[in-house]
Amino acid sequence: MKYPNSPISGTLASRQSGMDETDYQGRNTPTGKAKSHYARFRSDPHYLPKYYIYTIACLWPLTLLAEFFTAHVRSIDHIAFWIVGMLLLIAPSFSLIFVSGLYFMLLAAFMPTGFLNPIALACMAFGILLGIMSAALMHNAAHDNFPQTWQSRLIGEICGLFQLTGFVGWSISHTIHHSAPDNPEKDAHAPGHLSFGSYMTSMGTLMKDNLTNKYFEIFGVNRETKRTWSLLGRFLPVVRYTRVFFIFVLMGPVLFATFYVPFKIANALIYGDFNYRTHRPMSDGSFEVLNLNHNVWLRFLNAISFGSYFHKNHHRSPNIFNPRYARDDGKPFITHRVD
């Protein structure tokens, strides 16, 4: 693993869109340009650890309060099976997340109330729909595209809770992605020449490794930074598990299996799908970002995800809520070039 000594430079795409790492997420507000999470990450080596500590400090009291009123954990005879299954759900691999769906459906089938009924099927459909919409809402929150900055933060935190990633870490990775799209050494989640299945399996790991490289690039490799990042790496699964356990206590086992798990699977799938299909390699070794809306399925996805597959438009105009309505000049949008 390489730890460069200098900040990354903007790529062709970031220069074309007029963005860089430190200011793409900012927007004009009555008090001036908002400071992005990435800017805070660059200035404070403990920014992410503090965010995760605050997350746990808030969620565990809320979890205990939810259990006090719902008794969902106390009412389950074999709670250990549910607790173990959540480990699959927090893994940074789509394959394991998908397996967790089958696992929780099996557990739900043995619940006294069952789940094979019209209400449960409606919950699954609603969970899938919200999982797709949540990806688009998180995306816009990271760009501060809601009318007020506090609205972007609130919506981003809610989406980050249910997506398990957390809003701050996701926003930082997304800033890095925009600053160097499709650069295999700098992009947070470049599809490159991977197959779709390989990309879906490795996307979470790519983002984690990229953030690690960026941290050491900014703060250097020394005893303190290595200790801080090592502690963060051990702490992060605890934070993700805290989020999913809170959701379980809040919803209860049947709703968790029939609504939330489909939500999580659909959410992970849509992120991988639109990133993979809109960032494609060209015959000369460069990469191009595309707008996709050429069949019924894509038109449906664009309708429910606020134009997520108009990704070329998004990279050119990241502060437009629905990139469907951004102007497309018809020219190719080339990102990383291979010399």
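This is a predicted model: local features need pLDDT of at least 70, side-chain atom pairs count only at pLDDT 80 or more; totals for chains, interfaces and linings use all residues.

Colleague: Which helix gives the most to the lining of the largest cavity?

Modeller: By class, this lining has 6 nonpolar, 9 polar and no charged residues. At least two residues of the lining are supplied by each of helix 13 (311-316) and helix 6 (118-142). The element that gives the most, with 3 residues, is helix 6.

Colleague: Turning to the largest pocket, which helix gives the most to its lining?

Modeller: The largest pocket has a volume of about 930 Å³, and of the 38 residues that line this pocket, the closest to its centre are Pro92, Thr165, Gly204, Met207 and Arg240. The lining has 20 nonpolar, 14 polar and 4 charged residues. Helices that each supply at least two residues include helix 3 (47-70), helix 5, helix 8 (167-179) and helix 10 (223-251). The one that gives the most, with 8 residues, is helix 9.

Colleague: How far apart are the end C-alpha atoms of helix 5?

Modeller: Helix 5 covers residues 94-109, and at 1.5 Å a residue its 16 residues should span 22 Å.

Colleague: Within what arc do the buried residues of helix 5 fall?

Modeller: The buried residues of helix 5 are Phe94, Ile97, Ser100, Gly101, Phe104, Met105, Leu107 and Ala108. An α-helix has 3.6 residues a turn, so residues three or four places apart point the same way. Seen down the axis of helix 5, the buried residues line one face of the helix, because they fall within an arc of 160 degrees.

Colleague: Which exposed residues does helix 5 carry on the face turned away from its buried side?

Modeller: The buried residues of helix 5 are covered by elements including helix 4 (79-89), helix 6, helix 9 (196-219) and helix 11 (253-278). Exposed here means over 50% relative accessible area. On the face turned away from the buried side, the exposed residues are Leu102 and Leu106.

Terms used
Residues are numbered from 1 along each chain as its sequence is written. Side-chain values use heavy atoms; hydrogens and water are left out. Helices (H or I, at least four residues) and strands (E, at least two) are DSSP runs, numbered from the N terminus. Ala, Val, Leu, Ile, Met, Phe, Trp, Tyr, Cys and Pro count as nonpolar, Asp, Glu, Lys and Arg as charged, and the others, Gly among them, as polar. The expected span of a helix is 1.5 Å times one less than its number of residues. Buried means under 20% relative accessible area, exposed over 50%, partly exposed in between (1.4 Å probe, protein chains only). The arc is that of the directions from the helix axis to the C-beta atoms. Contact means heavy atoms within 4.5 Å. On a 1 Å grid over the protein atoms alone, a cavity is a set of points where a 1.4 Å probe fits but cannot get out, and a pocket is an open set with protein on both sides within 12 Å along at least five of seven lines; lining residues have an atom within 4 Å of a point. Grid points are joined across faces, edges and corners, and a volume is the space filled by probe spheres set on the points.
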